[in-house]
Amino acid sequence: APAEESPGLPGGGGGSRRGPAGPELGCLSAQNGEASSGSAAGEQLAHANGLLPSASAANSSGSSPGGLSVNNGVPAAGGPGSAAAELGGSGGGLKKKKRLSQSDEDVIRLIGQHLHGLGLNQTVDLLMQESGCRLEHPSATKFRNHVMEGEWDKAENDLNELKPLVHSPHAIVWLTASQTILSMLDRMKFLLLQQKYLEYLEDGKVLEALQVLRCELTPLKYNTERIHVLSGYLMCSHAEDLRAKAEWEGKGTASRSKLLDKLQTYLPPSVMLPPRRLQNLLRQAVELQRDRCLYHNTKLDNNLDSVSLLIDHVCSRKQFPCYTQQILTEHCNEVWFCKFSNDGTKLATGSKDTTVIIWQVDPDTHQLKLLKTLEGHAYGVSYIAWSPDDNYLVACGPDDCSELWLWNVQTGELRTKMSQSHEDSLTSVAWNPDGKRFVTGGQRGQFYQCDLDGNLLDSWEGVRVQCLWCLSDGKTVLASDTHQRIRGYNFEDLTDRNIVQEDHPIMSFTISKNGRLALLNVATQGVHLWDLQDRVLVRKYQGVTQGFYTIHSCFGGHNEDFIASGSEDHKVYIWHKRSELPIAELTGHTRTVNCVSWNPQIPSMMASASDDGTVRLWGPAPFIDNQDIEGKAISACIFFLKKLY
């Protein structure tokens with residue numbers, strides 16, 4: 001008769017099976033390709049999860065009725081008493097066991113692997129017994145145990161049993177046309193012998209280690225370069241020296257577990273699950289939720305202990321810099337530019353009122369206070385650039401300005417006031433990464449490279465510059481010009497090349513920290529994102545109003561996931577880098593917003609400068625005490641009840 005179970009048993013289709021001839025006893029063989037464990041009572045039963053039993057299980061197996069082995073204290077299927085458990089003491093109708101789907105089996109195996117890693121072997125045994133699944137192939141289990149016990153000869157022999165299982169489309173390491181199963185086995189054998197060799201050396205068994213190197217590793221003719229490195233370890237004077245030079249944990253569980261992780265990549269998951277597979281899947285899920293969260297603006301720890309797996313990841317808009325924290329009104333005319341220092345501790349603002357004001361950021365309250373006022377810019381200040389070390393600041397004026405000011409930020413003293421010709425127009429500047437040079441230029445055809453004293457080092461004739469940026473290689477300078485393009489100029493070999501071509505004037509641009517992306521403000525078009533490596537337009541952001549004013553946008557937030565720009569409609573727009581539609585429109589300014597700067601060290605802080613003469617600091621919503629809200633609500637209810645009665 002077919003094996004049956006009581007409908008009242010827990011486990012949703014689990015439960016012990018009885019009788020050697022029942023069709024359901026084929027669950028293990030039908031689903032997993034191995035013999036059923038539900039044999040006669042006198043027959044020894046295999047350990048359900050295929051792993052070595054604990055000491056307690058081994059001891060208890062000797063006292064089991066009929067000589068049955070016990071899976072870590074759980075009676076094996078088919079043992080005495082299983083029929084009663086199966087029937088559940090009920091005389092009612094019996095329910096046929098439901099066959100598990102492939103996804104169900106996968107989940108059970110993942111849970112089993114995780115529980116085994118926690119040391120809950122009895123639970124794993126019961127789970128595998130009740131589900132009819134197995135954690136891994138018996139040959140893989142034997143291989144695992146031999147590796148962890150350091151029985152290298154037996155582990156090598158196990159490779160022969162695993163040979164038919166290596167070449168699988170589901171293996172993590174794929175075989176190319178030039179690779180064979182034999183070469184894959186050689187790689188696995190090489191890893192085993194390398195561990196064996198290192199353990200011999202650590203134990204001081206130099207002759208045995210030399211024998212492994214000469215007679216086992218070298219004949220494989222695999223990774224000769226690595227063998228030369230291994231031979232050098234023979235000169236190590238002591239075990240600590242060996243572990244340091246080999247960057248190896250030493251003989252024991254840690255290094256053998258790491259070795260097993262490498263070996264598992266050559267086996268398909270149907271044979272042996274990849275290490276910590278459930279944790280990796282959960283981590284990927286958390287990372288995906290974070291990436292899809294429009295307002296995520298903080299560093300997320302990859303450690304699963306730092307997040308809750310019981311709820312989805314979601315960030316509130318109230319945690320995002322959408323709220324005015326402070327309004328700076330010290331400028332007495334239009335504010336054309338603002339820029340945070342590289343270390344995020346200061347903000348510089350330039351105005352039509354001929355001054356640059358440097359503000360200090362309070363690290364605790366994130367409030368700004370006036371630190372220094374730099375005066376004397378007769379034409380006003382339309383562009384500012386901090387040196388890489390934040391010790392210096394260069395200020396430029398509008399189109400009719402032929403001068404450039406280099407200030408010492410610490411002392412507030414003017415180090416250099418540079419002007420090559422009264423006919424020049426120096427409206428943009430960019431620092432070389434070495435902090436010893438900068439480039440400057442304007443729309444009248446000037447393009448200079450200078451030192452900190454204003455001495456002219458190089459010049460490029462005939463280039464009408466709108467905006468500049470120095471790349472991290474220290475050689476290439478990007479410049480947007482009047483031909484609606486961005487070109488790369490190399491001052492060392494005097495070569496140039498086209499990188500970006502737009503159909504309308506490029507009013508300003510900025511580059512991401514990794515040098516890969518360029519953010520352009522294009523006249524009458526808005527904000528465009530370009531990939532400089534592939535030289536393609538990635539995205540056009542919607543919403544912003546951009547005419548022929550020079551408006552400066554920026555990358556910002558954690559990992560530069562966000563983009564912000566001013567606009568001629570008096571707003572600040574914020575987009576997630578992957579989305580063309582704005583996720584926030586910030587209101588408050590009453591005239592054109594000329595520039596936006598995101599604090600590079602404080603992702604929740606942003607500044608905007610406007611023709612209304614103010615600088616606004618943006619941050620998260622002010623904290624509201626929930627108890628205070630509840631208290632006010634209760635007071636309101638009491639007041640209402642008094643009025644009612």
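On a 1 Å grid laid over the protein atoms alone, a pocket is an open set of points with protein on both sides within 12 Å along at least five of seven lines, and its lining residues are those with an atom within 4 Å of a point. Grid points are joined across faces, edges and corners, and a volume is the space filled by probe spheres set on the points. The structure is a predicted model, in which local features need pLDDT of at least 70 and side-chain atom pairs count only at pLDDT 80 or more, whereas totals for chains, interfaces and linings use all residues. Residues are numbered from 1 along each chain as its sequence is written, and side-chain values use heavy atoms, with hydrogens and water left out.

The largest pocket has a volume of about 1100 Å³. Its lining consists of 49 residues, and K339, N342, W469, T510 and I511 lie nearest the centre of this pocket. Among the strands that each supply at least two residues of this lining are strand 4 (335-340), strand 16 (465-470), strand 20 (506-511) and strand 28 (593-598); strands here are DSSP runs of E with at least two residues, helices are runs of H or I with at least four, and both are numbered from the N terminus. By class, the lining of the largest pocket has 27 nonpolar, 19 polar and three charged residues, where Ala, Val, Leu, Ile, Met, Phe, Trp, Tyr, Cys and Pro count as nonpolar, Asp, Glu, Lys and Arg as charged, and the others, Gly among them, as polar.

Strand 20 also contains F509, which is buried with a relative accessible area of 5%; buried means under 20% relative accessible area, exposed over 50% and partly exposed in between, with a 1.4 Å probe and protein chains only. Although F509 and L468 are 41 residues apart in sequence, their C-alpha atoms are 7.9 Å apart in space.

Strand 22 (residues 526-531) and strand 23 (residues 536-541) pair in the antiparallel sense over five bridges, pairing being assigned if DSSP finds at least two bridges between two strands. W530 stands opposite L537 in strand 23, and among the four residues between the strands of this hairpin, R535 takes a positive phi near 55 degrees. Strand 14 (residues 447-451) and strand 15 (residues 456-459) are likewise antiparallel, pairing over three bridges, with C450 opposite L456 in strand 15. Four residues separate these strands too, and in this hairpin G454 has a positive phi near 85 degrees.

In the model, residues 328-362 are 0% helix and 54% strand, with end C-alpha atoms 15 Å apart, while residues 374-405 are 0% helix and 38% strand, with end C-alpha atoms 10 Å apart.

In helix 11 (residues 239-246), the residues A239, D241, L242 and A246 are buried. Seen down the axis of helix 11, these buried residues fall within an arc of 160 degrees, so they line one face of the helix; the arc is that of the directions from the helix axis to the C-beta atoms. Helix 11 is followed by E247, whose phi is positive, near 50 degrees.

How values were computed. 1 Å grid on protein atoms, 1.4 Å probe; cavity = no way out; pocket = protein on both sides within 12 Å on 5 of 7 lines; lining within 4 Å.
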